[in-house]
Amino acid sequence: MSIDTGDTAWVLISAALVLFMTPGLAFFYGGMVRSRHVLGMLMQNIFSMGIISVLWSAVGYSIAFGGEGSLIGDFSHVFLADTAGASGSIPTLAFVAFQMMFAVITPALITGATADRLKFSAYAVLISVWALLVYFPVARWVWNENGWIFSMGALDFAGGAAIHINAGVAALAVVLVIGNRIGHGSEPMPPHNLPYTVLGTGILWFGWMGFNAGSALAANSVAAQAVVNTHLAAAAGMLGWLLIERKRAGHATTLGAASGAVAGLVAITPCAGFVGGASPLIIGAIAGVLCYAALGLKSKFNFDDSLDVIAVHLIGGIIGTILLGLFASTDVNEGGFDGLFYGGGAELLIDQTVAAVAVLAYSFVVTFIIAKVIDSTMGLRVEAVAERTGLDQSQHAESAYQA
Amino acid sequence: MRLITAVIKPFKLDEVKDALKSNGITGMTATEVRGFGRQGGHTETYRGAEYQIDFVPKVRLELVVEESQVDMVVETIQQAASTEKIGDGKIWVTAVDRIIRIRTGEEGPSAI
């Protein structure tokens, strides 16, 4: 197939859109922490743009997309060797760049769960090893034509399993190792700057257009459907969250609107190019309501998922991955399959469930081991006094706000 | 000379300042502070988790006046700062030993 300039232009722009999501995530999370930890949070997010990009070009792309293995790739594209040709209708390097931005944001999602206490040096090691042992292989399973989940027939348009379940359950594993914040449950820990969080939400929502619609890898009707689906699911997610929040807690909050939109965006991610009609509204609304309900998990089981990565990304990712087994339609995308509601029987639903469980189990176990090893060698957590002083001063010798 | 200190609701600052200015008061210092009294703070809810916020934002207003102006100033602040709801704040008056204008070095009432 020859290179199509329209497709190429869209994927290149999408790569830039997805890149922008990581600083967006930094502000989304940064607004929610206390002021003495905000630079620590911003830094952990943007640092992923540094370290993971290097790892991606060194070995990540090759592990995820080189060779013919079903579990991992090979080293044929180390340092982007032999990537000058075309992949489908776009240059291989456009695909490399687009997927690089996915690799960057995925480990950064974890930082919301470990806010205010994860040591910077430990974080650098954690996400590097995590990318090598967890993200690159799982991306292989899900998106490479040789990957076992892909071959099985499970669908994941832009990363419900590969990104959101994967990072969400990894966040849970790290939180279980690192423990709760000092004062968790006894001191108020309100967000220090919700306007940042709203700003971050806007950047995420905007970038998500490239994340989901860019995953069509073409400027075509599937991409257009993905743009519409992405936006509608975010909208319905916001409304679903606000409705249940107002009923349960008495007010429709700014943070609730932001969280609900992100929950909708997470849930539509695996579905974006495979569903149509009213499906994105249903998927988004279900995610908004169920992710809100999932906020209670952390107090029930007493783990300090500080900024609700598990409720939003893990639960939202599971919702999207499973609901795709119901709502997928080949009328929307010939390259997909029909779900239970569109005459495809239960086969896709079963495959989706297997994919979700496999990624969840693998990521949890491997991440838990990585976190344990780091914790018992260099230590995962800052000293108590550093946690009290704040990550900004203790980890980076800086202050976000001068008095 | 007396130092009059008032802790008031932040949104009342401009009203209090205008009332004092129209009564001939020429200067004052305002500081953003946090505090609580009988009002006892308020609750905020983030993602369903309710937090008791004890320290709520207030403004502390300070001005030094001559003995003869104390009653007028206290009354003016009390009236302008009142919403007749809990949390309106307090006013207290303390003695001042000396006051010096930094620019000229003059002391006493003429330095006010």
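Residues count from 1 along each chain as its sequence is written, chains are lettered from A and ligands numbered from 1 in the order in which they are written. In this predicted model, local features need pLDDT of at least 70 and side-chain atom pairs count only at pLDDT 80 or more, while totals for chains, interfaces and linings use all residues.

**Chain A against chain B**

Twelve residues of chain A are in contact with eight of chain B (contact: C-beta atoms, placed from the backbone, within 7 Å). On the chain A side, helix H8 (221-249) and helix H9 (254-268) each give two or more residues. H8(A) gives the largest share, three residues. Helices (H or I, at least four residues) and strands (E, at least two) are DSSP runs, numbered from the N terminus. By class, the chain A side holds six nonpolar, three polar and three charged residues. Nonpolar means Ala, Val, Leu, Ile, Met, Phe, Trp, Tyr, Cys and Pro; charged means Asp, Glu, Lys and Arg; the others, Gly among them, are polar.

**The sheet of chain B**

Four strands form an open sheet in the order E2-E5-E1-E6 (chain B), with antiparallel pairing. Strands pair if DSSP finds at least two bridges between them. E2 (29-35) and E6 (89-95) of chain B are the edge strands, each pairing on one side only. Neighbouring strands are turned by 20° against each other on average, direction ignored. Seven bridges join E2(B) to E5 (residues 56-65) of chain B. B:Val33 stands opposite B:Lys58 in E5(B). Helix H2 (residues 70-81) of chain B packs on the sheet and touches strand E1 (2-8), E5 and E6 of chain B.

**Angles**

Axes are lines fitted to C-alpha atoms, for helices over the stretch in contact; angles run from 0 to 180 degrees between N-to-C directions.

| Pair | Angle |
|---|---|
| H2(B) and E1(B) | about 5° |
| H3(A) and H4(A) | roughly 115° |

**H3 and H4 of chain A**

The axes of H3 (residues 92-109) and H4 (residues 120-143) of chain A come within 10 Å. H3(A) contributes A:Ala103, A:Thr106 and A:Pro107 to the contact; H4(A) contributes A:Ile127, A:Trp130, A:Ala131 and A:Tyr135. Six of these residues are nonpolar, one is polar and none is charged.

**A:His77**

A:His77 lies in the loop between helix H2 (38-65) and strand E1 (86-87) of chain A. A:His77 is buried, with 22 other C-beta atoms within 10 Å (buried: 20 or more; exposed: 12 or fewer; partly exposed in between; C-beta atoms placed from the backbone). Not counting residues up to four places away in sequence, A:His77 touches A:Tyr61, A:Ser62, A:Gly66, A:Asp82 and A:Thr83.

How values were computed: Contact = placed C-beta atoms within 7 Å.
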